[in-house]
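I opened this model to work through its sheet, its helices and its ligand shell. My entries follow in the order I looked things up.

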Amino acid sequence: MLCAVRCRHAFETVCVHANGDVVCSILDGRGDFVLGNVHEQSVGEIFHGPRYLELRRLVLSTADTYCRAIGKHCPLKTTAVAPGEEVTAPDIRFLQVEPTTACDLRCLSCPVRDFDRSIGWRDAYRDGGVAFMAWDATRRLKQHGVDALRQHLPRLIPTVTPDSSRTAAAFLRGRVPRSRTGTLPLETLRRVLDDVGSAVERVDFYNYGEPFLYRHLVAGLRHARRVLPRATLAISTDGLQVRPPVEDEIVDERLLDWLIFSIDGSDRESYARYRIRGDFQKGIDNLARVRKKAEGSGLKVVWQYVVFSWNDRDSHLRRAIEMAGDIAVPIWFDFARSTWGRSRRTRAGLEYLIPFLKPETDLPTWN
Ligand code: SF4
């Protein structure tokens, strides 16, 4: 018998976008199924409100990994549901906050490229070459076409809803709305942290955008520590905006438990294919410096390496492991799935990576 699956996020997570919209998780980066807005309601009201109930109903309405809320298959829908199980949502356990959508990079296939309307097809060619431009243009043309047709023929091109068929959901998705971008005012961030409840176990201060570009970062982290003293606080960063005195305050006051540097490559070439506008050596230097400062502080500093087709040779991977050893930083490898440039490597021959995989991930089994 087919075992139904659900995610945990619809039942225990609140993800606040920089414009105040609440969604289920990082999986709804476009903001397709908005659950409420923290400028209008408290997070508690939103989490216990009718829209979350609808989200949970939608998640449980399909037995496979397809999520009707966003009209896509969801890699987070992996928790088995026992027959007849009543899934309740008493408390918020995880809070994800996107302080700002501003970013210093424009990584290939990152949704931030869609938020920033100044990035067009010429940039796609410049950043990723002909093949990426073709992939990106196909996607964008479809979205533009849907928006234009919907404007002129609204009855013929309906808005995507949870009741749309899977095919319609895939083809009728328009562009990301302009309202998706923003920066959370400090007062709003403080109110979210005050309201979220003491059951919160972890606060992720990142989603899309670069958290170290948020000028209230230290004030926000201080407030989180004060009102949620038992919660684990984490940031994932591209590492290029990490600098004193912010890093000193974070380390000295122990404002974070985890600081994850996303550096996808082991030399300038393998890194620059995806991290457009990035600087490999600067990222590594910042990582090494902060790791040294954090020694003995309790702050865990990690190098995260997402594996794509251009940085997946054994020479790349082994070099990264060696470099991480040289600067005494733990390294986590994570394999990009179902996106532009994903690695075609199979499990065979990659077993040496097993001790270095990102927690709760595995070697590729889908190629
Ligand atoms: S299954 Fe749906 S609600 Fe749950 S995390 Fe995925 S997209 Fe969000």
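What covers the buried residues of H7? I found that the cover includes strand S2 (13-16), helix H2 (43-47), strand S8 (94-97) and helix H8 (217-227).

Conventions. I am working on a predicted model, in which local features need pLDDT of at least 70, side-chain atom pairs count only at pLDDT 80 or more, and totals for chains, interfaces and linings use all residues. Residues are numbered from 1 along each chain as its sequence is written. Helices (H or I, at least four residues) and strands (E, at least two) are DSSP runs, numbered from the N terminus.

Helix H7. I listed the buried residues of H7 (residues 186-195) as Leu189, Val192 and Leu193. Buried means that 20 or more other C-beta atoms lie within 10 Å of the residue's own; exposed means 12 or fewer, and partly exposed is in between, with C-beta atoms placed from the backbone. Down the axis of H7 these buried residues fall within an arc of 95 degrees, so they line one face of the helix. The arc is taken over the directions from the helix axis to the C-beta atoms. Just after H7, I noted that glycine 197 has a positive phi of about 100 degrees.

Helix H8. Here the buried residues are Leu217, Gly220, Leu221 and Ala224. Their arc, seen down the axis of H8, is within 95 degrees, so they line one face of this helix. I looked up their packing partners and found H7, S9, S10 and H9.

The sheet. I traced an open sheet of nine strands in the order S4-S3-S2-S8-S9-S10-S11-S12-S13, with mixed pairing. Two strands count as paired if DSSP finds at least two bridges between them. Strand S4 (36-37) and strand S13 (331-335) are the edge strands, each pairing on one side only.

Aspartate 21 has asparagine 37 of S4 as its bridge partner.

Strand S9 (residues 202-204) pairs with S10 in the parallel sense over three bridges, and aspartate 204 has alanine 234 of S10 as its bridge partner. S10 and strand S11 (residues 258-262) are parallel over four bridges. Threonine 237 stands opposite phenylalanine 261 in S11. S11 and strand S12 (residues 300-307) are parallel over five bridges, with leucine 259 bridged to valine 301 of S12. S12 and S13 run parallel and are joined by five bridges; glutamine 304 stands opposite tryptophan 332 in S13.

Crossovers. S9, H8 and S10 form a right-handed β-α-β unit. Right-handed means that, with the strands pointing away from the viewer, the path from the first strand over the helix to the second runs clockwise. From S10 the chain crosses through helix H9 (residues 246-252) to S11, and this β-α-β crossover is right-handed.

Strand S10. Which residues of S10 are on the covered face, and which on the uncovered one? In S10 (residues 232-237), Leu233, Ile235 and Thr237 are covered, while Thr232, Ala234 and Ser236 are uncovered. In a regular strand the side chains alternate between the two faces of the sheet.

Ligand shell. I counted 15 residues around the ligand, the closest being Cys7, His9, Cys24, Cys67 and Cys74.

Tyrosine 52. This residue is in helix H3 (residues 50-60). Why does tyrosine 52 count as buried? Tyrosine 52 is buried because 20 other C-beta atoms lie within 10 Å. Leaving aside neighbours within four places in sequence, tyrosine 52 is in contact (C-beta atoms, placed from the backbone, within 7 Å) with Leu35, Ile46 and Phe47.

Serine 42. I placed serine 42 in the loop between S4 and H2. Serine 42 counts as partly exposed because it has 16 C-beta neighbours inside 10 Å. Serine 42 and proline 359 are 317 residues apart in sequence and 32 Å apart in space, C-alpha to C-alpha.

Note on methods. Contact = placed C-beta atoms within 7 Å. Near = placed C-beta within 6 Å.
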